[in-house]
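Visitor: Can you walk me through this one? I have a few quick questions.

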Amino acid sequence: QVHLVESGGGLVQPGGSLRLSCVASGRDFSRNIMGWYRQAPEKPRELVARITSRGATDYPDSVRGRFTISRDNVKNMVFLQMNSLKPEDTAVYYCNLPLHLIPWGQGTQVTVSS
């Protein structure tokens, strides 16, 4: 059975940084595109970063230049480095496989507030 476990969220002031981690278990994900999503209250879940098995990355305009996704294929992990955080980045953050969604994890709460 596959599982996704996210961690690393917290409360941070505007302009601050956080690094999120996601551990995927149950099978080998090294050949899959992996991504980070977020969902703010009363808003749909949105994809904020994705990375191919070879490390090519893609971001929406809202986070490009501030967020960096990376992965460790040996450990089946994906990371999201978030810099220059803004209040509008406040959301629950999740990882998943954009082309082959699997059951969502519990997510990790990121709150950007002064």
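Predicted model: local features only at pLDDT ≥ 70, side-chain atom pairs only at ≥ 80, totals over all residues.

Visitor: Fine. Which residues touch the most other members of the largest nonpolar core?

Guide: W36, I69, V78, L80, M82 and Y93, in a core of 27 residues. A nonpolar core here is a set of buried Ala, Val, Leu, Ile, Met, Phe, Trp, Tyr and Cys residues joined through side-chain atoms within 4.5 Å. Buried means under 20% relative accessible area, exposed over 50%, and partly exposed in between (1.4 Å probe, protein chains only).

Visitor: Which strand gives the largest share of this core?

Guide: Strand 3, with four residues. Strands that each supply at least two residues include strand 3 (18-25), strand 4 (34-39) and strand 9 (91-96). Strands are DSSP runs (E, at least two residues), numbered from the N terminus.

Visitor: Strand 9, then. How many of its residues are buried?

Guide: Six of its six. Strand 9 runs antiparallel to strand 4, joined by five bridges. To count as paired, two strands need at least two DSSP bridges between them.

Visitor: Switch to T108. Where does it lie?

Guide: In strand 10.

Visitor: Buried or exposed?

Guide: T108 counts as buried, because its relative accessibility is 9%.

Visitor: What is T108 in contact with?

Guide: Leaving aside neighbours within four places in sequence, T108 contacts E6, S7, G8, G9, L20, A91, V92 and Y93. Contact means heavy atoms within 4.5 Å. A polar atom of the T108 side chain lies 2.9 Å from the backbone nitrogen of G9.

Visitor: Now the rings. How many aromatic pairs does the whole structure have?

Guide: Two. Y37 and W104 have ring centres 5.0 Å apart and planes at 85 degrees, so that pair is edge-to-face. The pair links distant parts of the chain, 67 residues apart: Y37 is in strand 4, W104 in the loop between strand 9 and strand 10. Rings of Phe, Tyr and Trp (its six-membered ring) pair if their centres lie within 6.5 Å; planes under 30 degrees apart are stacked, over 60 edge-to-face, the rest tilted.

Visitor: How accessible is W104, and how accessible is Y37?

Guide: W104 is partly exposed, at 33% relative accessible area. Y37 is buried, at 10% relative accessibility.

Visitor: What is the aromatic pair of Y94 and W104 like?

Guide: Edge-to-face, 5.7 Å centre to centre, with 80 degrees between the planes. Y94 is in strand 9 and W104 in the loop between strand 9 and strand 10, so the pair ties together parts ten residues apart in sequence.

Visitor: Where does the charged end of R45 sit?

Guide: Over the ring of Y94, 4.1 Å from its centre. R45 also lies over the face of W104, at 4.0 Å from the ring centre. The test for a charge over a ring is NZ of Lys or CZ of Arg within 6 Å of the ring centre and within 35 degrees of the ring normal.

Definitions and conventions. Residues numbered from 1 in each chain as written. Heavy atoms only, no water. Polar contact = N/O pair within 3.5 Å; in protein donor to acceptor, adjacent residues only side chain to side chain.
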